[in-house]
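Here is a friendly walk through the model shown below. Take a look at it first, and then we can go through its parts together.

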Protein chains: 2
Amino acid sequence: MKFGGTSVADLEKIRNVAAHVRREVEAGHQVSVVVSAMAGKTNELVGWCEEACEDYDAAEYDAVVASGELVTAGLLAMTLQGMGIKARSWAGWQAPVKTDGAHGRARIMDIPPENLAAFLDDGGVNVIAGFQGIGPDGRVTTLGRGGSDTSAVAVAAALGARCDIYTDVDGVYTTDPRIDSRARRLEKITYEEMLELASLGAKVLQTRSVELAMTWKVPLRVRSSFDAPDAPSQVTEDGKGPGTLVCEEDEIVEQQVVSGIAYSRDEAQVAIRKVKDKPGVSASIFGPLAGAGISVDMIVQNVSADGEFANLTFTVPRGDLKKALKALEAEKDNIGFEEIASSSSVAKVSVVGIGMRSHAGVAAKMFQVLSEKGINIEAITTSEIKVSVLIDEAYTELAIRALHSAYGLDAE
Amino acid sequence: MKFGGTSVADLEKIRNVAAHVRREVEAGHQVSVVVSAMAGKTNELVGWCEEACEDYDAAEYDAVVASGELVTAGLLAMTLQGMGIKARSWAGWQAPVKTDGAHGRARIMDIPPENLAAFLDDGGVNVIAGFQGIGPDGRVTTLGRGGSDTSAVAVAAALGARCDIYTDVDGVYTTDPRIDSRARRLEKITYEEMLELASLGAKVLQTRSVELAMTWKVPLRVRSSFDAPDAPSQVTEDGKGPGTLVCEEDEIVEQQVVSGIAYSRDEAQVAIRKVKDKPGVSASIFGPLAGAGISVDMIVQNVSADGEFANLTFTVPRGDLKKALKALEAEKDNIGFEEIASSSSVAKVSVVGIGMRSHAGVAAKMFQVLSEKGINIEAITTSEIKVSVLIDEAYTELAIRALHSAYGLDAE
C-alpha cells in the first residue's frame, strides 16, 4: 500500500491511512506500506537547499530532502501501534533499499527482502519511507520526484506482493473528467497503455513506476485514499474492485480498441522556414537542442517543389521554448535558415489503446472525426498503441469530447 | 564546534554559522561541527508524536524526532560548500555515534573515529547531526533533550579535539546578569563548578555533557554564536579568548574561592509535622516519593524536646509538589504524622567555588551576609564546593546581590 503526500498531510489524514491498513490486516493480508512526506514538506526542504547553495551538492540535497519521509513513516507506525497493530518504520537505508549512486535521481538496484519479510512473518506491518535509498558508499539517495511510487513497486516486487497506490483520484479514466463529464473509470488497463498515458501528461502514476511494474509483473492498483477506510476489504474474488488495475494484456478479457484520450497543453511548436535542404541539416538543428537538454517531438518536414529548401516544424516542452529559440538563433549561420516562427497556443491530443495493434483504421477515424469538427491537424505522431495530433489549443476540449464519443468511451 | 537550535534557526543564521566555521578553517584548524535542529522543529516533531499515539513507541519517536538534525546538517554542509569549503554531513548512524538501546534517552557507547578522521585528513569539515545515534539493533536513537551538547563532547573526545559550544549567551557568568548587572563573565571555570551550576539551574550547558567532558578531559569553551564570525580566530595563544573555558582545576591560575552565585525558583518545601520518631520512619516517607519518581533535597529534621515526635521538612521540584503531597497523604496511616504543610514561594540560592575545599568560612560568611539583610534561612545543604540555602522567594534578588558583592565578584 502506497500513500502519497496529500494522504499523509496531517495527523488526521495519517489516522485515515492507518484505518485503510487495518482493513487489509483484518482481511488477513500481510501488509507493507510505503509513504511520502507530508504534502508541501518536500518543497519546503528543496527550497531551503536552493537557498543554502546555488549549485548544491546532490548528496547533501538527498540527506536533507529524504528526512520528510522519515517523519511520516514513524508517525504512521506509531498510529498503527495505537490501534493495537504491530508496526515499525524503516528508513530507506534500514530496509534496505539499495540504489546506485546517482544522487537526486537514483535507481533502485536491489531490495534484499529478508528484513521486511521477517517482520511480516512476525505478524508486523512494515512502514517504509518512500522516495529514498542508500547508495554504494553508504550515503542516502533519493529517487527523484514521484519516487515513492517507484519505491512501492520495488518493495512489492521484492516481496512478491501486489501494489496498491492510494492517491487523490479514484482510478484511471478514459479521459480527464474535468473536460468530459462522460469519462468513465477504467476497470483495468495494460502497463503499456498506462505508460503512454503517463508520458502524455496523465498525472496518476510516475512513468518509471509503471515501467518497473511492467518489468517485474507487479499488479498495480490505483485507488483513492478518500474511500471509506473501514469498509470491508474492497477487492472482490473475481478481481474487480475499487480504482483501476494496471496489469498485463492477457488479464483483460474485454479489451477496447481505444482505452483513453489523453491531452497535453505543455507543448510549443517551432517552425524553421526555408532551410537549405542538404545532408546533415537535421543534425545541425537537433544537435544544439539535444545539447541544451531539450527533448523534441512531432517533427514534420516539407520540401519545396524545386527540392532546394525545406520547412521544418517540431514541438518542444512549452517551458523550454525560449531556450530552444535561443539555441537555434545562435546556430543560425551554421544551419542556414531564413526565419523561425513559434507558437505556444497548441495542444497535443492522443488516442491510446493496445487494441490498435490488431485493429486498423484507428488513426483514419481520428482524422475523420477532427475534420468533421473543422479542426486542423498541424502534426501527427504515432506509436504501436497511440496516435497523437497537434492542434490549435482552443479546440482541445472539442476534440477530446468528439473523440471520446467516436470511440465509444462515453459512460452510459 | 557545536551550534544549537537558535543558531541554525534559518538559512541566514546557518550562513552565520558557516562563517564561524570558515574562520576556524582559515586559522588552520581541522573542524568538525555538531548541529541541533532548527529552533522549534524538535518541539513540532514531538507534538506530532504525542498526537499520533498517547503511549508512543520510543523507537518510532526517535525515528521521527532525529530527522530535524539531518536537515540542518545537510544545509550547513551545502552552505560551506557554497563558500568553497569541502564539507559533508553525517547522520548519527553514519558517523557512527554508537549508543545503547535506551530510546529517547540513549547513552553514547562509542564513536569509532575512523570515518570522521579520514574526512578531516582529506581536508574536509565534518558536519554531524547532533542528539542522535544508532542502537545495537541498527535503529536510530536520540540522547534526550540537550543531547547535541553531549554529541559534541563525545565527538571531540573521539577525535582528541577541544569542544567549542556556540550558544545564545557569551559565556558563564558569576551570576545571572538579568538579576545583577554587576555580574562578570568568567574567563575559566572548573568542570566541577560547571556541574554544580548546571544542576543548580544555570541553563548554559547540559549536566551530562559537562560530566562527559570532565571524564574525557575535553576542554570545553562556551561562547556566543552572535559574535562577529569573520573576525580573526579569537582564541589567543595564552588560551584567553571569547566566552568561558570549562577546564581542569590546575589550568586555572588565579582561582577565586567562590566562582558564582546560582539560584533556582523551581523549588517547593514540604513540612511534615509531628511524625512519630521511630526507626524506619524516614524510609516510610521517602520510599513512596522515590517510587513516584520525585527527587527530594534539603532535608531538615527537628526532634521535639521529649524525643517522641519529629518535624521533617524537605524540598521537591515545584512541578512535582502536588504529586508528592498525594503520595504522602496516601501513606498517612503508615507514616503516622499529624499534618502536612507546603509552600511554593521558596527559592534556593547557592554559592559555588572549588576554592572552598581549601578555604574555611565560606558558609559562615554566607549566613552572616544573609542575616545582615534580614533574610531567614529555612534549610541548608552543602557539598564540597557549594553551599545552598532555602529562603523566602521574595528575597531572591536581594540575597544574590548581597552575596555577589560579599564574595568580591562584582565587576569593577
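## A strand pair in chain B

Let's begin in chain B of this predicted model. Strand S2 (residues 32-35) and strand S6 (residues 125-129) of chain B run parallel to each other, and four bridges join them. Within this pair, Val34(B) has Ile128(B) of S6(B) as its bridge partner. Helix H5 (residues 114-121) of chain B packs on the sheet, where it touches S2, S3 and S6 of chain B. The direction of H5(B) makes about 145 degrees with that of S6(B).

## The whole sheet

Both strands belong to an open sheet of eight strands in chain B, with mixed pairing. Reading across the sheet, the order is S3-S6-S2-S1-S9-S11-S12-S10. Strand S3 (87-90) and strand S10 (188-190) of chain B each have a single partner strand, so each edge strand has one side without a neighbour in the sheet.

## How the two chains are related

## The contact between the chains

Chain A brings 27 residues to the contact, and chain B brings 27 residues. On the side of chain A, helices H1 (11-26), H2 (41-52), H3 (58-65) and H4 (67-82) each supply at least two residues. H4(A) has the largest share of that side, with 10 residues. By type, the residues of chain A that touch chain B comprise 15 nonpolar, eight polar and four charged.

## Two domains in chain A

Across the boundary, 17 residues of domain 1 of chain A are in contact with 20 residues of domain 2 of chain A.

Which elements of domain 1 of chain A each supply at least two residues of the side that touches domain 2 of chain A? They are strand S10 (188-190) and helix H7 (191-199) of chain A. H7(A) gives the most, with four residues. This side of domain 1 of chain A divides into six nonpolar, four polar and seven charged residues.

Terms used. Residues numbered from 1 in each chain as written. Chains lettered and ligands numbered in written order. Predicted model: local features only at pLDDT ≥ 70, side-chain atom pairs only at ≥ 80, totals over all residues. Pairing = 2+ DSSP bridges. Contact = placed C-beta atoms within 7 Å. Axes fitted to C-alpha atoms, helices over the stretch in contact; angles between N-to-C directions. Nonpolar A, V, L, I, M, F, W, Y, C, P; charged D, E, K, R; others polar.
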